Amino acid sequence: MNRIFYIAVLAVLLVLPLILDGTYYTNLASQILIAAIFAMSLNLLVGYAGLTSLGHAGYLGLAAYISSWLTVKLGWNHASTAAIAIMGTTVIAGIFGLIALRATGISFLMITLAFGQILWGLAYRWASVTGGDNGISGIARPHFFGLDLGEASYFYYFTLFIFLLVWIAIAILVRSPFGATIRGTKDQPRRMSALGFNVWLIRWITFTACGFFGSIGGIMYVYYHQFISPHSLSLANSAEMLLMVIAGGAGTLAGPVIGAALVMLLKNVASQYVDHWVTLLGLVFIFIVMFIPGGIVAGFMRIKNAINTPK
Amino acid sequence: MSFWLIQSLNSLALGGVLFTLAAGFSLIFGLMRIANLSHGAYFMLGAYVGLSVIEAGHSFYLAILAAAIAIGLLGCIVEWLILRRLAGNSLSQVLATLGVAFVIADCSLWFWGGDPRPVAAPSLLSGGVQIFGQTFPLYRIALVIFSIFIALGLWLLLEKTKLGVMIRASVDDRQMAQGIGVPATKLFSIVFCLGAALAGVGGIAAAPILSVYPGLDADMLPIALVVVILGGLGSLMGAFIGSFLIGFIYSFGQALFPDLAYIILFLPMLIILAVRPRGLFGRITA
Amino acid sequence: MSPILEVSDLSKSFGGLKVTKGVNLTVNPGERHLLIGPNGAGKTTLFNLIAGDLASDSGSIKLNGKNITKLTTAKRAQLDLARTYQILTLFGKDNLISNVKLALLGKMSLRWKCWGAFLTECALDEKALDILEKVGLGPKANLPLEQTSYGEKRRLEIAMALAQNPTILLLDEPLAGLSTEERETITTLLQGINRNITILMIEHDMAVALAFADRVTLLHYGEVITSGTRQEVVNDPRTKEIYLGH
């Protein structure tokens, strides 16, 4: 997609709170950006490395619980809790990767599902630490350069800033030589080995990076909601994230963002008009899987090419 | 002593429930290489359908039949309409079943509401029975016997009928089976319907113990996965042994280490995946 | 001169089936060594064992004197072994030059670089184009793979292997499924490969292969039946028996 498009989108994003009618929509925009961070991080694994995971919400949970526990129970400042949460989650992701990558295909999917469920079970049962069903609440939003992020549009700009950082980091990664090798392991793992690449190591690094970026999403999530509970780690949530990636277009940079927007808009806007937006989401997803497997981005490109092709 | 006996019965009952779930999943995966992520939803929907039948004044037994037919039919439709068109693309099929799970879960919420719905055991089977001076809930005993009947039925189907032979051959070596003229497409439909129907039956049969509530599907699916990985994909024996093994681990785990019970559930699966990816009795590596 | 590849008493079984039985094979530097045998003889299996895709049950493999029997495929590639596959394993969604660039990356530390653009990496672009020129695909460098013919894809397969800068090249039926014209093109290409690259090749097209080969090894049911110069093997009564008997 060309530069002009990206600049236009960026411009819109920058002035969004000024255009939007009220804090509800500004908050929604923040939520979309946070969902997009999760989707982009998952996309690294699913879209680029070709490893489908159903445990991604686990990273949301890990980062959110670690940072909120440290903030609320120990009273540490946001910079340290965020750093520790991100580091901790990334390390745990690395350990998960060591186990999960012993398998491929469906087994891999099931192991990631299991990990997600184990974390969910921990959040639910280890009530003394996690607060069980009640979760941890009362998490204050940080102050960013003196600005109180309790204000919706300030929080939005903070989120936008983080989102752009993540987006740029991932864009650089996938366009780099290493990024090309990740994609290679998805297409032809056997050939990659024969060419001298350490396929396992490439996948493990990607797996861990997925956890790293996911943890950033987790921090943003808990700052936005100022609350974390086991529900956020549910299988349904992991599935939703996968939905975002696939529906938007796995293996593209714009896809996960579009997918995140689709799901969040359905959840928050369509739900006001359509009671059963989940059914709608499910049907849309099935439709995309059946007829536009490359997701919305692929569908869009096809239309674009069809228009551009001289008859 | 009574603790052990009661827990053992609970384990067996849970194992029986898990078997109806795991058997279908394992067969579907073994034959079609589809990890049916909507399997938990079929279980839950079966319970809801059965509930409605009972609330309409009919017997529990009719409810079980209704669940079997309704969910079996649903499975047929899903297979024909969606999965068949994605043949050859495993990932797409799995994703499609995920979408179906979402739809079923939400529609269930739509029709039956958000409250947990208890289901009463049929009057014949409610109440307790005295064995060795200990009272055991009759329904759980009935559930165990029921699941054994289903296991026997499936075993007879797979071992003694022509259909069963074709299914087993296709699970073992799909290309070879197709090469000798086994009608793959028809077989897929039958097995998928059967698997779905089994899950539906399991749902209503388990309802007097588990109740039925939104989220039951997401609760049951991971456990079913643990069972089939542990027991081995594509193996009925594996589903049987795995179900009861997990039944025991979970029931005793719940009673002895309530905080960790859920996690204990996954450990056997992770160990098996690391040590013997094929599972205890599996014929295929996932 | 010490051999570049030494396979000693290599064996492999699948369940009860012995697919490779005590194979001994020696390839000297610069040699063009042909591996022949009827279908099912175990030639590709032997390649997979040598390249590391399969682990042997017993026996050893030495590359340039170094024992590589326990090494992974990737590590063997790092030791300058390259192979092509009978069934094409190209990166279908990319164009030709991207395919070759990826092949070049395999042994470069550049492959770990997480920034900078792969697409415009100048050092890679030049080298990749060079290699494509060598196999006659220079003008098609920017074409997506799906727009190339089967013959061109087979040439790309060889280009990828050459990109690895190997000292020994394993070619698995490089001429399979090609038209007469394409066969000539590839044969010329193979003949033009510098002698500092040793070639071990499986091929069924006897006319071409025999003309190309210095030494030949005949494999049947996983066993080496005979091995020697082209003349020796052709004249060996066992060769005639195996081929004419079918």
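Mentor: Residues are numbered from 1 along each chain as its sequence is written, and chains are lettered from A, with ligands numbered from 1, in the order in which they are written. Since the model is predicted, local features need pLDDT of at least 70 and side-chain atom pairs count only at pLDDT 80 or more, while totals for chains, interfaces and linings use all residues.

Trainee: What confidence does the predictor give the complex?

Mentor: The complex has an ipTM of 0.90 and a pTM of 0.91. For single residues the term is pLDDT, the predictor's confidence in each residue, from 0 to 100. Chain C has a mean pLDDT of 89, with 99% of its residues at 70 or more. In chain B the mean is 88, and 98% of the residues reach 70 or more.

Trainee: Where in chain B is confidence lowest, and where is it highest?

Mentor: It is lowest in helix α7 (residues 174–179) of chain B, with a mean of 76, and highest in helix α2 (residues 39–55) of chain B, at 95. Helices here are DSSP runs (H or I, at least four residues), numbered from the N terminus.

Trainee: How do you know which chains touch?

Mentor: Two residues are in contact if their C-beta atoms, placed from the backbone, lie within 7 Å. There are 2 pairs of chains in contact, and chains A and B share the most contacts. Chain B and chain C do not touch, their nearest C-alpha atoms being 14 Å apart.

Trainee: What makes up the side of chain B that touches chain A?

Mentor: In this interface, 30 residues of chain B are in contact with 34 residues of chain A. The elements of chain B giving two or more residues are α4, α9 (216–231) and α11 (261–275). Of these, α4(B) gives the most, with 12 residues. By class, this side has 25 nonpolar, 2 polar and 3 charged residues. Ala, Val, Leu, Ile, Met, Phe, Trp, Tyr, Cys and Pro count as nonpolar, Asp, Glu, Lys and Arg as charged, and the others, Gly among them, as polar.

Trainee: Why are α13(A) and α4(B) called roughly antiparallel?

Mentor: Helix α13 (residues 277–291) of chain A and helix α4 (residues 90–112) of chain B pack at an angle of about 165°, with their axes 8 Å apart. Angles over 145 degrees count as roughly antiparallel (under 35 as roughly parallel, 65 to 115 as roughly perpendicular, the rest as oblique). The pair is therefore roughly antiparallel. The residues of α13(A) that meet α4(B) include A:L281, A:F285 and A:V289, and their counterparts in α4(B) include B:L95, B:F102 and B:D106. By class, this contact has 13 nonpolar, 4 polar and 1 charged residues.

Trainee: Which elements of chain A touch chain C?

Mentor: Here 20 residues of chain A are in contact with 26 residues of chain C. Two or more residues come from each of α7 (152–175), α8 (177–187) and α9 (189–194) of chain A. The largest share, 7 residues, comes from α8(A). This side of chain A has 8 nonpolar, 8 polar and 4 charged residues.

Trainee: Why is helix α3 of chain C described as largely enclosed?

Mentor: In α3(C) (residues 96–105), 10 of the 10 residues are buried, so the helix is largely enclosed by the rest of the structure. Those buried residues pack against α8 of chain A together with α4 (122–134) and α5 (150–163) of chain C. Helix α1 (residues 43–51) of chain C is mostly covered, with 7 of its 9 residues buried. Among them are C:L46, C:F47 and C:I50. After α1(C) comes C:G52, whose phi is positive, near 105°.

Terms used:
Axes fitted to C-alpha atoms, helices over the stretch in contact; angles between N-to-C directions. Buried ≥ 20, exposed ≤ 12 C-beta atoms within 10 Å, placed from the backbone.
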